[in-house]
Amino acid sequence: MKSNMLRVGSGSQDPVIVRASPAMRDLCAYAARVAAGDAKVFLTGESGVGKDLIARYIHARSPRAARPFVAVNCAAFTETLLETELFGHTRGSFTGAYRDRPGLLQLAHRGTIFLDEVGEMSLRMQSHLLRFLESGEIQTVGGAGSSQVDVRVITATNRNLAERVATGQFREDLLYRIKVIHLHIPPLRERREDIRALVERAIARSGRPIRLTQEALKALERYRWPGNVRELQNVVERLVWMSATDEVALQVLPEQVRVSSAAGLQPKRERRRQLADDLYHALVGSHYCFWDHIHPLFLRRDMTRHDLRQLVHRGLATTRGNYRALLKLFGMPESEYKRFMNFLAAHECVVDFHPFRVETEPVRASASAGETASPRRGGPLAPREVA
Ligand SMILES: Nc1ncnc2c1ncn2[C@@H]1O[C@H](COP(=O)(O)OP(=O)(O)O)[C@@H](O)[C@H]1O
Ligand SMILES: [Mg+2]
């Protein structure tokens with residue numbers, strides 16, 4: 001999250017971590033052991049799984065707990081800004097540098113620095129960081145001297161850094177340096193035992209005496225939670241404030257949750273038609289975006305090519321065969337036209353738009369009927385727009 005660009009605090013309170021699943025229990029036990037030492041920790045996992053939380057937990061359990069915990073979101077700064085943020089600058093080193101300023105690494109002295117989204121660092125910053133990790137020395141921007149600091153380094157990313165190494169975007173030597181201890185936090189859908197406990201905790205924190213029906217809880221357990229714990233907290237928070245009664249039933253759950261729950265329950269054929277319908281409503285009614293919400297389902301094979309075609313079919317029916325309008329309908333900017341069409345073509349899911357145009361044309365006298373009613377033949381896979 002860009003808003004949490006940077007936080008500095010003693011961070012000594014032990015954060016509460018819900019761990020009903022064996023996976024989370026093991027992970028916390030491991031993290032607690034790791035906390036005792038000084039080894040660099042590398043946290044991976046999708047957005048919202050709890051990487052921040054685990055970083056704090058490790059700090060809070062470490063001998064450094066009384067010292068600062070400094071969190072930096074590397075993606076939130078430009079290269080030069082990140083450099084001065086981390087390493088500080090001396091007076092006059094650039095326009096606006098009126099006085100010496102210590103960097104966050106210095107502020108974290110004897111504590112912990114948490115470098116979030118480390119995969120986004122530029123190659124130049126990566127080499128600065130590497131130099132620091134090798135020497136423990138800080139070279140202030142514009143400064144002549146250098147100083148030694150004692151900081152424990154925890155890094156996190158939701159990217160596949162091995163892939164970035166392969167494409168030359170991340171230094172392999174740096175990856176080895178930061179990845180002394182690697183903790184992977186699995187997505188929430190792979191540890192569904194945590195869901196109820198997390199819901200309970202979120203409700204308890206709201207202070208409202210809300211109770212979910214068994215049916216509603218089951219639906220929450222079945223849902224895929226692409227946004228993981230963060231999404232779950234948002235959903236519960238909204239429920240708490242939206243529900244008129246103290247009991248929350250299935251019907252009150254957000255559409256995306258009900259959709260996936262219903263999809264899991266129905267017989268297959270029924271399910272398929274329903275799925276395309278539900279996804280369509282989620283896209284159009286709840287302002288979902290195709291790439292964020294539908295594409296992942298497709299990649300995970302939660303929906304088939306047939307489902308995708310059905311969805312496009314529904315969209316074209318609404319836009320009268322206009323693919324550009326369909327893009328908008330599905331929450332995509334116009335600039336994604338090519339990407340979307342290529343995606344459909346690659347999966348053989350391009351639906352011919354001509355019938356939709358014909359169908360919606362007002363019935364005319366036979367003189368012009370020939371022209372509107374005959375669908376153009378063949379054509380390339382990616383249909384060209386007529387305007
Ligand atoms: N196991 C957990 N128990 C309690 N709260 C959690 C747990 N995992 C994540 N959270 C909460 O979910 C939200 C997102 O977690 P965060 O650590 O910011 O995720 P990430 O850094 O991986 O995106 C935070 O409010 C965090 O406190
Ligand atoms: Mg985070």
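Two residues are in contact if their C-beta atoms, placed from the backbone, lie within 7 Å. In the protein, 75% of the contacts with a separation of 6 or more are between residues 24 or more positions apart. The model is predicted: local features need pLDDT of at least 70, side-chain atom pairs count only at pLDDT 80 or more, and totals for chains, interfaces and linings use all residues. Residues are numbered from 1 along each chain as its sequence is written, and chains are lettered from A and ligands numbered from 1 in the order in which they are written.

**Figure 1. Overview of the protein.** The secondary structure comes to 18 helices and 12 strands; helices (H or I, at least four residues) and strands (E, at least two) are DSSP runs, numbered from the N terminus. Of the 387 residues, 33% are buried. A residue is buried if 20 or more other C-beta atoms lie within 10 Å of its own, exposed if 12 or fewer, and partly exposed in between.

**Figure 2. Packing of helices H1 and H2**. Helix H1 (residues 22-35) packs on helix H2 (residues 51-60) at an angle of about 45 degrees, and their axes are 8 Å apart. Axes are lines fitted to C-alpha atoms, for helices over the stretch in contact, and angles run from 0 to 180 degrees between N-to-C directions. H1 is therefore oblique to H2; angles under 35 degrees count as roughly parallel, over 145 as roughly antiparallel, 65 to 115 as roughly perpendicular and the rest as oblique. H1 passes H2 in a right-handed crossing, that is, the near helix is turned clockwise from the far one by less than a right angle. Ala 31, Val 34 and Ala 35 of H1 make the contact with Ile 54, Tyr 57 and Ile 58 of H2.

**Figure 3. Packing of helices H8 and H10**. Helix H8 (residues 193-206) and helix H10 (residues 228-242) pack at about 45 degrees, with axes 9 Å apart. The crossing of H8 and H10 is right-handed. From H8, Leu 198, Val 199, Ala 202, Ile 203 and Ser 206 meet Val 229, Leu 232, Gln 233, Val 236, Glu 237 and Val 240 of H10.

**Figure 4. Strand S3 and its partner S6**. In strand S3 (residues 69-73), five of five residues are buried. Phe 69, Ala 71 and Asn 73 point one way from S3, and Val 70 and Val 72 point the other way. S3 runs parallel to strand S6 (residues 112-116), joined by five bridges; two strands pair if DSSP finds at least two bridges between them. Opposite Ala 71 stands Phe 114 in S6.
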